[in-house]
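Welcome, and thank you for taking a look at this one with me. Here are some notes to read alongside the structure.

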Amino acid sequence: MNRFALSLLLTLAFTIGTSAQQVRFTVNMEHVYLAPGDRVVVRGDVPQLGNWGADDQLVLRQRGKSDTYAAQVRLSNVEQRTVLYKFVILRADGTEQWEEIGNRVLDTSSEAIPWFENRSTPGTTQPIVNVIFRLDLTNFGMDGYPVEGVALMGGQAPLSFDLENGRREMTQVQQGIWETSVGFPKGTPHDVAFKLAWQHEGEWIWEWRAGHTNHVFLIDDAGTEQTVSLVHDVEKPGIVPATGTSGHVDDYSHVLSTLGARAQGSRYQYELAMAQLEAGNRAGAEATYAAYAAAHPGEVEIDDFHYRLAHHINRTQGEAAANAFIARQRADETSPRRRAYFRYLEGELAYNNGNHAKARRLLAPLTGQADELVREYSRMVLVEAYLREADPDSIRRGVDLLEGYAAQAPQADARKMAVRLERAYRRADMPQKREEVLLQLTGMGNGRQQGRA
């Protein structure tokens with residue numbers, strides 16, 4: 001996610017004689033591109049700020065015809081605890097644009113005037129910079145077939161990261177060559193994070209990138225037009241900048257250097273760490289990631305950096321070294337969720353290394369975890385750890401587990417679970433069951449998917 005230039009004034013008025021304080025947030029929107037219907041809110045880790053969610057988030061209101069928006073809220077016991085928060089732009093199209101920096105920490109003694117995402121420049125100066133995105137997919141396909149469509153997603157308006165409602169579909173100008181043109185208005189921040197999606201069998205699928213990273217380029221407003229050229233690299237594999245493209249595409253070091261202090265602790269720092277790790281620079285990656293993590297106190301999301309680092313160690317030093325690394329990370333964790341995640345990672349590594357019995361032993365206790373991601377990842381790999389065995393009893397055990405999980409799955413996942421059951425029945429040589437689920441699939445999904453079933 002990318003955010004817009006925004007200055008912030010935080011002023012505090014104290015309620016004498018009580019444990020609550022009236023906290024006022026005032027925001028200067030001078031350099032922010034806001035469309036009609038867009039709103040700015042505050043979300044944080046206390047109930048009055050929605051507990052990071054949309055419930056009870058603090059909505060800021062415009063002061064007359066000025067560029068400032070303000071609101072105040074009463075917070076209890078702020079002197080006795082650390083209050084974390086961020087500013088979010090709620091777009092009229094339903095998308096959300098969070099600050100791409102570390103969590104802000106409420107400081108009741110400070111009258112500093114920070115900027116949204118620490119941006120202190122107004123952005124592009126041209127009325128419109130037209131950026132042509134060109135993508136060469138002549139050597140790329142899904143299941144051996146060319147993609148049916150390509151969409152561009154992005155973090156700066158008029159682009160959006162909303163795949164369902166905000167994707168910008170590209171045009172195939174010749175076989176395997178896709179293009180679209182985007183006009184970025186004056187004031188748009190120069191850095192634009194973006195990603196691609198493919199249409200296959202009628203469904204839109206996000207481009208895969210290690211660590212769920214985004215691409216990035218810099219708008220060059222010395223002129224009114226530039227071209228971002230990309231190509232699918234079979235050896236990498238993945239989408240990489242083509243020779244001669246403009247905008248320092250995916251050059252995270254250059255982007256961080258250009259943006260300066262405001263980019264420290266941003267998503268770009270995480271993405272640089274991932275790029276360094278993919279290039280084999282483990283020491284550099286760990287140092288970069290440490291700086292990123294230090295700017296994100298209190299965040300316990302599943303950590304794709306450690307996931308990729310464990311696989312890197314497994315590949316370069318072996319499973320024992322990777323397991324030792326995971327054990328150290330797990331021992332240092334205080335969050336039960338994160339400790340469970342590292343246990344899952346150990347089980348997944350065992351599965352990838354062909355030790356299915358060990359994988360099952362580690363993953364089985366995690367299939368009842370309250371955390372959705374740990375639970376679902378563990379269930380998926382556990383089933384495969386049975387299905388990949390040679391003996392019929394193990395395969396049947398995997399089928400039984402999958403049938404149980406499918407029965408518990410929400411209706412929105414019904415087709416996905418049916419596809420997995422079809423593959424399991426095929427593996428278990430259960431033709432009647434397979435025919436039954438294939439018949440169910442003929443009534444699920446879009447017309448293309450039904451026809452394929």
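1. A cut-off to begin with: a residue counts as exposed when its relative accessible area is over 50%, as buried when that area is under 20%, and as partly exposed in between. Asp 56, at 57% relative accessibility, is therefore exposed. Please keep in mind throughout that this is a predicted model.

2. You will find Asp 56 in the loop between strand E3 (39-44) and strand E4 (58-59).

3. Asp 429 sits in the loop between H10 and helix H11 (431-441). With a relative accessible area of 63%, Asp 429 is exposed, because the cut-off is over 50%.

4. Next, the cis peptide bonds. One joins Ala 157 and Pro 158, with omega about 15 degrees; Pro 158 belongs to the loop between strand E12 (149-154) and strand E13 (168-169). Another joins Lys 236 and Pro 237, with omega about -20 degrees. Pro 237 is placed in the loop between strand E19 (225-233) and strand E20 (238-241).

5. On to charges: how many salt bridges does the count come to? The count is 21. One of them is between the side chains of Arg 330 and Glu 346, at 3.4 Å from N to O. This pair links distant parts of the chain, with Arg 330 in helix H5 (residues 319-332) and Glu 346 in helix H6 (residues 336-352), 16 residues apart. Both Arg 330 and Glu 346 are buried.

6. Glu 346 also meets the side chain of Arg 343 in a salt bridge, at 3.2 Å from N to O. Arg 343 and Glu 346 both lie in helix H6, three residues apart, or about one turn of the helix. Buried or exposed, where does Glu 346 fall? Glu 346 has a relative accessible area of 11%, so it is buried, while Arg 343, at 30%, is partly exposed.

7. Glu 422 is buried at 7% relative accessible area, whereas Arg 426 is partly exposed at 49%. Elsewhere, salt bridges that share partners join Arg 330, Arg 343 and Glu 346 into one network.

8. The aromatic pairs number 15. Among them are Tyr 289 and Tyr 292, whose ring centres are 6.0 Å apart and whose planes stand at 45 degrees, so the pair is tilted. Both tyrosines lie in helix H3 (residues 282-294), three residues apart, about one turn of the helix. Tyr 289 and Tyr 292 are both buried.

9. Two further aromatic features deserve a glance. Phe 133, Phe 184, Phe 194 and Phe 217 form one aromatic cluster. Arg 360 lies over the face of Tyr 386, 4.6 Å from the ring centre.

10. Finally, the helix packing. Helix H8 (residues 372-387) packs with H10 at an angle of about 15 degrees, and their axes are 11 Å apart. That angle makes H8 roughly parallel to H10. The crossing of H8 and H10 is left-handed.

How values were computed: Residues numbered from 1 in each chain as written. Predicted model: local features only at pLDDT ≥ 70, side-chain atom pairs only at ≥ 80, totals over all residues. Heavy atoms only, no water. Salt bridge = Lys/Arg side-chain N within 4 Å of Asp/Glu carboxyl O. Helix = DSSP H or I, 4+ residues; strand = E, 2+ residues; numbered from the N terminus. Buried < 20%, exposed > 50% of the residue type's maximum accessible area, 1.4 Å probe, protein only. Phe/Tyr/Trp six-rings, centres within 6.5 Å; stacked < 30°, edge-to-face > 60°. Lys NZ or Arg CZ within 6 Å of the ring centre and 35° of its normal. Axes fitted to C-alpha atoms, helices over the stretch in contact; angles between N-to-C directions. Parallel < 35°, antiparallel > 145°, perpendicular 65-115°, else oblique. Left-handed = near helix turned anticlockwise from the far one by under 90°.
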